Amino acid sequence: MMNHEFSLAHLTLLSCSPPDLIEVASEAGYDYVSLRPIAVTPNEPKYPFGEDKNLLKQTKDALAKTGLRLLDIELARILPDVNLRAYLPAFEAAAELGAQHVLSSGWTPDRNYVGEKFAELCDLAKPFGLTVDFEFVTFAAMGTLADAVAAVRSAGRKNGGICIDTLHFFRSNTELAELDDLPRSWFQFMQLCDAPKEPPTTTEGLIFAARSDRKFLGEGGLDLAAVINRFPPMPYSLEIPNSKLALTMSPLEIAKKALSTARAYLNAAHSAPAMTKA
């Protein structure tokens with residue numbers, strides 16, 4: 001049995017404040033948390049600990065009390081006419097909390113613009129010791145692994161990389177072979193969840209599935225092991241929001257089940273014949 005490292009992603013339990021999420025993750029047995037100080041949608045809960053010094057102190061105290069580590073923060077989106085410097089307070093706070101990575105994504109189809117802004121984002125994050133990891137999101141303008149590769153290659157920054165979210169990997173129809181020739185140094189951690197094999201047929205359906213209807217590992221139809229086994233072990237951030245489960249299970253129960261199913265799945269996946277490419 002391998003000793004995998006797991007992070008509880010904030011989107012799994014976005015109703016929990018950062019200090020509360022840390023307490024839940026600690027009690028459930030996680031190694032890390034992944035926090036969301038940069039909101040994505042107007043109506044989601046907001047936790048801007050880059051600007052809210054009291055929230056930052058509470059979050060820092062919770063990490064110290066539990067011994068958990070902060071794996072990454074999100075989401076530094078590259079939008080049209082984005083002011084990247086607006087993300088600096090979150091970067092500074094993340095560094096103070098010991099974070100290692102910042103998630104980014106691209107929301108305009110102009111590849112040259114996204115590449116330029118990704119390079120700037122990497123430069124802004126570098127003094128804080130943070131990598132910037134491009135997540136390709138199926139319903140965003142930059143929605144494929146090829147889009148992420150183009151951004152990282154164009155930027156040419158040592159602290160630039162890619163984060164695979166297994167839901168978006170399979171929903172984007174990316175071929176597994178596309179992973180084989182990419183530098184392994186680009187991949188620092190991975191976001192895991194399961195989902196039905198057949199994707200929703202509308203953009204609205206894809207968005208709902210991503211934000212409110214993900215499945216625990218092994219409870220969907222995705223061949224997650226085919227992706228996981230192409231890489232050396234790395235921290236796995238469990239991003240499994242499910243609005244129906246949230247009505248019947250407590251945050252702690254959800255966190256525990258996410259972790260237990262992930263451990264079982266990964267132990268089985270890593271005991272299977274290796275698929276990694278030398």
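Just after helix 5, Gly-156 takes a positive phi of about 65 degrees. Helices (H or I, at least four residues) and strands (E, at least two) are DSSP runs, numbered from the N terminus. Helix 5 covers residues 145-155. Its buried residues are Leu-145, Asp-147, Ala-148, Val-149, Ala-151, Val-152 and Ala-155. Buried means under 20% relative accessible area, exposed over 50%, partly exposed in between (1.4 Å probe, protein chains only). These buried residues pack against helix 4, strand 5 and strand 6 (160-162). Contact means heavy atoms within 4.5 Å.

## The model and its confidence

This is a predicted model, in which local features need pLDDT of at least 70 and side-chain atom pairs count only at pLDDT 80 or more, while totals for chains, interfaces and linings use all residues. Residues are numbered from 1 along each chain as its sequence is written, and side-chain values use heavy atoms, with hydrogens and water left out.

The mean pLDDT of the protein is 95. pLDDT is the predictor's confidence in each residue, from 0 to 100. Of the residues, 97% reach 70 or more. Over residues 273-278, pLDDT stays under 50. For that stretch the model has 9 contacts beyond four places in sequence.

## Helix 1

Helix 1 spans residues 18-28. Pro-18, Pro-19, Leu-21, Ile-22, Val-24, Ala-25 and Ala-28 are buried in this helix.

## A buried loop residue

Leu-130 sits in the loop between helix 4 (111-125) and strand 5 (131-134). Its relative accessibility is 2%, so Leu-130 counts as buried. Leaving out residues up to four places away in sequence, Leu-130 touches Phe-91, Ala-99, Gln-100, His-101, Val-102, Ala-125 and Asn-159. Ser-26 lies 104 residues from Leu-130 along the chain, and their C-alpha atoms are separated by 23 Å.

## Cysteines

The structure holds 0 disulfides. A disulfide is a pair of cysteine sulfur atoms within 2.5 Å. The closest cysteine sulfur to that of Cys-163 belongs to Cys-193; it is 11 Å away, too far for a bond. Cys-193 is in no disulfide. Cys-163 is buried, at a relative accessible area of 0%. Cys-193 is buried too, with a relative accessible area of 0%.

## The largest pocket

The largest pocket has a volume of about 630 Å³. On a 1 Å grid over the protein atoms alone, a pocket is an open set of points with protein on both sides within 12 Å along at least five of seven lines, a cavity is a set where a 1.4 Å probe fits but cannot get out, and lining residues have an atom within 4 Å of a point. Grid points are joined across faces, edges and corners, and a volume is the space filled by probe spheres set on the points.

The pocket is lined by 30 residues. Closest to its centre are Leu-11, Leu-14, Arg-211, Ser-212 and Pro-241. Strand 3 (69-78), helix 7 (203-212) and helix 10 (251-271) each supply at least two lining residues. Helix 7 gives the most, with 3 residues. By class, the lining has 15 nonpolar, 8 polar and 7 charged residues. Ala, Val, Leu, Ile, Met, Phe, Trp, Tyr, Cys and Pro count as nonpolar, Asp, Glu, Lys and Arg as charged, and the others, Gly among them, as polar.

## The cavity

The count comes to 1 cavity of 30 Å³ or more. The largest cavity has a volume of about 40 Å³. Among the residues that line it are Thr-138, Phe-139, His-168 and Pro-200. Helix 6 (166-171) and helix 7 each supply at least two residues of this lining. The lining divides into 6 nonpolar, 2 polar and 1 charged.
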